[in-house]
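Reader: Please show the model, and let us go through the terms and what each one rests on.

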2 protein chains.
Amino acid sequence: MTEDTLLDRLCAAVGARYVETDPDALAPHLIDWRKRYRGTARARVRPGTTEEVAAVVSACAQTGTPVVPQGGETGLVGGGVPDASGSAVIVATDRLNRVRAVDPANNTMTVEAGCILQHLQQTAEAHGRLFPLSLAAEGICQIGGNLATNAGGLNVLKYGTARDQVLGLEVVLADGSVWDGLRRLRKDTAGYDLKHLFIGAEGTLGIITAAVLRLHPQPRETATAFAGVPDVESALAVLNRVQEATGHAASSFELMARRGVELAVKHVEGARDPLGAAHPWTVLVEVTGGFGDGGLRAGLEGALMAAHEAGEIADVVMAENAGQARAFWHLREAIVEAQRHEGGSIKHDIAVPVSAVPAFLAEATPAVEAMIPGVRPVPFGHLGDGNLHFNLTQPEGADPGAFLARWEAVNARVHDIVHAHGGTVSAEHGVGQLKMGEIARFKPPEEMAMLRAIKRALDPHNLMNPGRVVTPEAES
Amino acid sequence: MTEDTLLDRLCAAVGARYVETDPDALAPHLIDWRKRYRGTARARVRPGTTEEVAAVVSACAQTGTPVVPQGGETGLVGGGVPDASGSAVIVATDRLNRVRAVDPANNTMTVEAGCILQHLQQTAEAHGRLFPLSLAAEGICQIGGNLATNAGGLNVLKYGTARDQVLGLEVVLADGSVWDGLRRLRKDTAGYDLKHLFIGAEGTLGIITAAVLRLHPQPRETATAFAGVPDVESALAVLNRVQEATGHAASSFELMARRGVELAVKHVEGARDPLGAAHPWTVLVEVTGGFGDGGLRAGLEGALMAAHEAGEIADVVMAENAGQARAFWHLREAIVEAQRHEGGSIKHDIAVPVSAVPAFLAEATPAVEAMIPGVRPVPFGHLGDGNLHFNLTQPEGADPGAFLARWEAVNARVHDIVHAHGGTVSAEHGVGQLKMGEIARFKPPEEMAMLRAIKRALDPHNLMNPGRVVTPEAES
């Protein structure tokens with residue numbers, strides 16, 4: 001099929017106004033959020049229905065055209081940016097934005113891939129329910145991208161990752177056919193679980209066009225505390241106490257190194273340390289649930305008091321109202337912005353077993369300090385999930401470019417330590433282009449062989465988001 | 001390879017004393033729990049380590065020998081019984097029974113496939129934790145079988161199915177290699193999620209030899225109630241009230257039709273209806289969690305009182321102690337035994353969306369009554385999961401054989417209605433041999449094609465538990 005014929009078919013499939021080929025209009029969609037990856041594309045199409053997605057993928061399959069799905073374009077690993085060959089068609093999901101059904105009695109909603117995450121949180125709330133997935137990009141990111149990357153975020157400790165929110169999927173497959181797997185069931189043992197294969201596959205096996213999502217009751221109570229602790233082992237002990245006292249009610253348990261708090265207070269408006277003294281580590285704990293009788297807060301207070309008596313907590317404040325809780329969170333969220341004011345940052349998105357976090361930090365911190373004298377580690381993140389953003393701020397006064405040139409070498413060293421502690425080099429951001437080499441370096445050969453076999457089985461011509469996650473044949 | 005050579009290799013792999021070929025010794029392992037399936041086998045081997053399993057599967061792969069994994073032999077769909085050809089080697093997992101590690105700070109334990117479920121519950125308890133998977137066969141069934149079939153049971157409403165308890169797996173693959181996927185991580189977005197493919201695959205893609213299981217805090221409080229309700233819609237309204245009042249604390253929400261309660265009281269020792277009057281439907285609700293201050297029970301009582309005022313509950317009793325709670329459960333569990341005293345039963349293991357349960361029952365009950373005049377439906381089960389055991393007791397005085405001869409015809413009619421309501425014909429027992437035809441009848445062709453493609457990709461010679469779940473090529 002000639003170029004004209006492909007474009008004709010795309011126009012016939014979605015309407016000419018939704019087929020963009022103008023370079024200036026395409027440009028913003030050819031670069032990733034962190035501006036690390038650039039590519040080119042033959043066209044960017046914006047189908048409005050599942051049938052239109054199927055027609056687009058079908059035309060691409062028949063012409064051997066690579067397909068790059070694009071959601072809210074907030075990914076951090078280059079998963080949604082085409083390569084430089086210019087052969088790909090971008091399939092944007094933003095017009096697939098209908099909430100097809102809400103079923104409060106089944107605690108589910110059926111939504112299309114292009115729905116904005118925040119809109120889905122609001123939809124659930126309007127029906128007296130909670131949709132717990134929550135992350136920094138929630139005002140922009142689309143649920144299809146959240147599912148394709150198995151997004152994590154702030155509430156994983158209590159509610160799990162994006163994967164755990166899904167009962168069913170609708171997917172346009174590599175040949176352009178549509179799999180209707182929109183089940184709304186809590187139990188189903190009829191055959192292999194295909195939804196879990198597409199979730200986290202980053203569009204390399206098909207395009208998720210719709211999903212059945214679980215809803216939860218809205219929590220009756222929330223209680224939030226901010227504590228200074230002497231070391232990471234103590235933070236873990238506090239986590240354990242809180243979970244036992246509240247029956248696993250912790251929705252967030254965030255760890256911050258002293259340096260992160262100091263940089264946030266220094267650089268970000270409104271960021272204030274609620275504790276009087278400087279503590280080597282601080283934790284932000286939030287519990288949700290309860291019965292509307294104050295018992296949840298009392299349970300948290302009891303656990304924190306016992307931790308204080310045991311020397312695991314040096315000082316602690318409870319939020320007395322929603323405004324104070326927001327202030328605690330503002331400090332936590334200010335850390336990323338604060339680091340920008342101090343020059344370059346080398347970042348990691350890693351997870352280790354929760355019990356291995358102290359040993360990982362004890363090994364990784366001196367290792368990077370030995371590589372780059374004066375480097376300023378600012379570890380923070382979701383301790384309750386074992387997921388740390390082990391971010392490194394450049395030495396004071398150093399050249400940012402020279403520092404950032406060490407990115408890959410530092411990553412490699414840190415990832416070796418992560419692997420030695422049974423961890424992953426991609427905790428919640430996915431593989432995309434950025435981590436392909438690293439996951440191949442650490443996964444056992446039996447696992448890489450299975451990933452490739454599945455890729456070949458479901459995308460035999462390697463047209464679905466090629467060059468991401470895994471190649472169909474072993475790299476030589 | 002000759003027969004002798006295969007047996008020699010099996011003996012070399014596991015030791016001759018663990019290779020059984022004597023027909024009398026094999027016989028009990030060639031028939032299923034419900035005595036519906038019988039087969040024969042070349043040998044039954046009992047490897048003691050993962051390496052021994054790998055050596056056995058390797059020998060089978062090289063000789064084109066089918067492999068049938070066998071756990072506690074409590075399956076209900078003929079998944080663990082060899083076929084009649086006599087060509088298969090049974091691989092029993094009972095000697096793989098070590099708890100390799102317990103990590104309370106990570107809330108995980110690493111266990112081998114042959115561990116008895118009840119022993120794992122006790123192991124968790126000994127470490128101050130809860131392993132929530134619980135089902136009738138827990139004193140006999142093995143965790144490997146629970147995972148291979150994605151078992152459900154009594155606590156799915158709060159804790160999910162077997163699938164939801166797993167962080168990592170170790171699997172012996174079809175070629176005899178070992179995949180070490182024993183990750184202990186809460187977040188991991190590095191590549192396709194393979195564990196979810198093996199869980200629920202019933203041994204058709206490989207043999208699960210070990211798993212990393214999640215642990216939970218032990219609940220501080222439990223409260224149990226037994227209520228009479230006028231109809232199934234009211235039961236659903238009560239479920240919703242309880243979940244909202246207690247923050248999703250219901251671990252069980254069981255529905256029983258009047259007939260089930262009457263048969264249990266009539267036939268089973270100690271079964272007593274705690275309610276004074278006869279109600280068309282009864283529910284058993286149990287909530288777990290709380291903060292040790294009585295708030296959980298008060299939350300449940302408040303929800304039940306509000307339901308009573310709204311006319312959704314006619315009468316209710318709360319268990320005042322553990323003995324009373326056990327008595328409620330004894331009545332619920334007596335229903336299956338009670339049915340045996342009334343002659344033959346035709347059974348279904350189905351699930352529909354929770355919100356569709358009333359409509360399903362309203363359609364399925366008259367449908368089976370029209371097929372077999374005098375049939376006595378005894379629907380009961382896990383309403384909170386939409387999972388009903390829609391069991392039918394024969395008409396009074398009818399011939400059991402003639403009644404049971406209608407099994408397939410009745411199944412087909414009921415399954416059509418289940419499918420029309422968006423349900424599944426295999427909710428928690430799996431596919432095995434019993435349901436292969438039925439799942440192929442209802443799944444969309446795109447899905448069947450994917451199941452076959454995955455089977456071919458991971459088991460190219462169709463040697464892993466062949467003839468279960470899905471055939472590698474479409475049946476003509």
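Author: Domain 1 and domain 2 of chain A bury about 1,100 Å² between them, 70% of it on carbon and sulfur atoms. This is a predicted model in which local features need pLDDT of at least 70 and side-chain atom pairs count only at pLDDT 80 or more, while totals for chains, interfaces and linings use all residues. Side-chain values use heavy atoms, without hydrogens and water.

Reader: What makes the area between domain 1 and domain 2 of chain A buried?

Author: Buried area is the accessible area (1.4 Å probe) that two parts lose on being put together, summed over both. The value of about 1,100 Å² for domain 1 and domain 2 of chain A is such a sum.

Reader: How many salt bridges does the rule find across the interface of domain 1 and domain 2 of chain A?

Author: The rule asks for a side-chain nitrogen of Lys or Arg within 4 Å of a carboxyl oxygen of Asp or Glu. Across the interface of domain 1 and domain 2 of chain A, zero salt bridges are found.

Reader: Which element gives the most to the side of domain 1 of chain A that touches domain 2 of chain A?

Author: Helix H3(A), with six residues.

Reader: Why is one side of strand E1 (19-20) of chain A left without a neighbour in the sheet?

Author: Two strands pair if DSSP finds at least two bridges between them. The open sheet of chain A has the order E1-E2-E4-E3. Strand E1 of chain A stands at an edge with a single partner strand, so one side has no neighbour in the sheet.

Reader: How do you know that E2 and E4 of chain A pair?

Author: Three bridges join E2 (residues 43-45) and E4 (residues 89-92) of chain A, in the parallel sense, and the definition asks for at least two.

How values were computed:
Residues numbered from 1 in each chain as written. Chains lettered and ligands numbered in written order. Helix = DSSP H or I, 4+ residues; strand = E, 2+ residues; numbered from the N terminus.
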